[in-house]
Amino acid sequence: MNTPHTPTTYSRRFVTAVTATLAVAMLLMTPGKAQAVDGDRQVTHLRVRIVTGSDDLRQASNAFAEFSYTAINGNHISISQNLNNGANWPNGSTRTVEVELPSGVLYSNMREFAIRFQSGQSNPFETGDNWNLNDIRVTAILDDGSETIIVQDSGNPYHRFKSDVNTRRAWVL
């Protein structure tokens, strides 16, 4: 036989169920950041830290950061930014450069990061430049301000760029 139940009979179970339902609803309805996993987060920029070894990056030579990703529409996009703008990076120096990214770069859609070296000469009597890269760390800065390291390598040197060979070093992301 059905006996009428008063609200107090189910109050503990009812309150627990309603609380859980509201918590799930709040998480699902909160836009963007509250429920996003890192792969869904947007990457706003990259922080590139480079340590030069025992052979400097000579004035008039250039180091470029190259970054590729898959856009939301499926297109493969590549961007490049000059890191030193022809300035000398002396032996043993550390440089940190911010690389701004266009909106819509998702962490899970990053494809490749590379350093490309272009030997320069400040006068016609100089030989081609070589450059020792001893340490590199690339950090992705996400839309919520969190950071994650996407490239980290070191050696003595880690990579020797030469004026005519080994002019690009890439990392698959």
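Q: Two strands pair if DSSP finds at least two bridges between them. What is the bridge partner of Phe64 in β5?
A: Arg116 is the bridge partner of Phe64 in β5. The model is predicted: local features need pLDDT of at least 70, side-chain atom pairs count only at pLDDT 80 or more, and totals for chains, interfaces and linings use all residues. Residues are numbered from 1 along each chain as its sequence is written, and side-chain values use heavy atoms, with hydrogens and water left out.

Q: What counts as a strand?
A: A strand is a DSSP run of E, at least two residues, numbered from the N terminus.

Q: How do β2 and β5 pair, and over how many bridges?
A: Antiparallel, over eight bridges. β2 covers residues 62–70 and β5 covers residues 110–118.

Q: And β2 with β3? How many bridges there?
A: Seven, again in the antiparallel sense. Phe67 stands opposite Ile79 in β3. The β2 and β3 hairpin has five residues between the strands, and Gly74 takes a positive phi near 95° there.

Q: What order do the strands of the sheet take?
A: β3-β2-β5-β8, an open sheet of four strands with antiparallel pairing.

Q: Which strands stand at the edges?
A: β3 (76–82) and β8 (168–172). Each has a single partner strand, so one side of each is left without a neighbour in the sheet. Neighbouring strands are turned by 15° against each other on average, direction ignored. Axes here are lines fitted to C-alpha atoms.

Q: Is β2 buried or exposed?
A: Nine of its nine residues are buried, so β2 is largely enclosed by the rest of the structure. Buried means under 20% relative accessible area, exposed over 50%, partly exposed in between, with a 1.4 Å probe and protein chains only.

Q: Which way do the β2 residues point?
A: Asn62, Phe64, Glu66, Ser68 and Thr70 point one way. Ala63, Ala65, Phe67 and Tyr69 point the other way.

Q: New topic. Where is Phe161 found?
A: In strand β7, residues 147–161. Phe161 is buried, with a relative accessible area of 0%.

Q: What is Phe161 in contact with?
A: Leaving aside neighbours within four places in sequence, its contacts (heavy atoms within 4.5 Å) include Ile115, Phe117, Trp131 and Arg168. Asn130 is another contact of Phe161. Phe161 and Asn130 are 31 residues apart in sequence and 5.5 Å apart in space, C-alpha to C-alpha.

Methods: Axes are lines fitted to C-alpha atoms, for helices over the stretch in contact, and angles run from 0 to 180 degrees between N-to-C directions.
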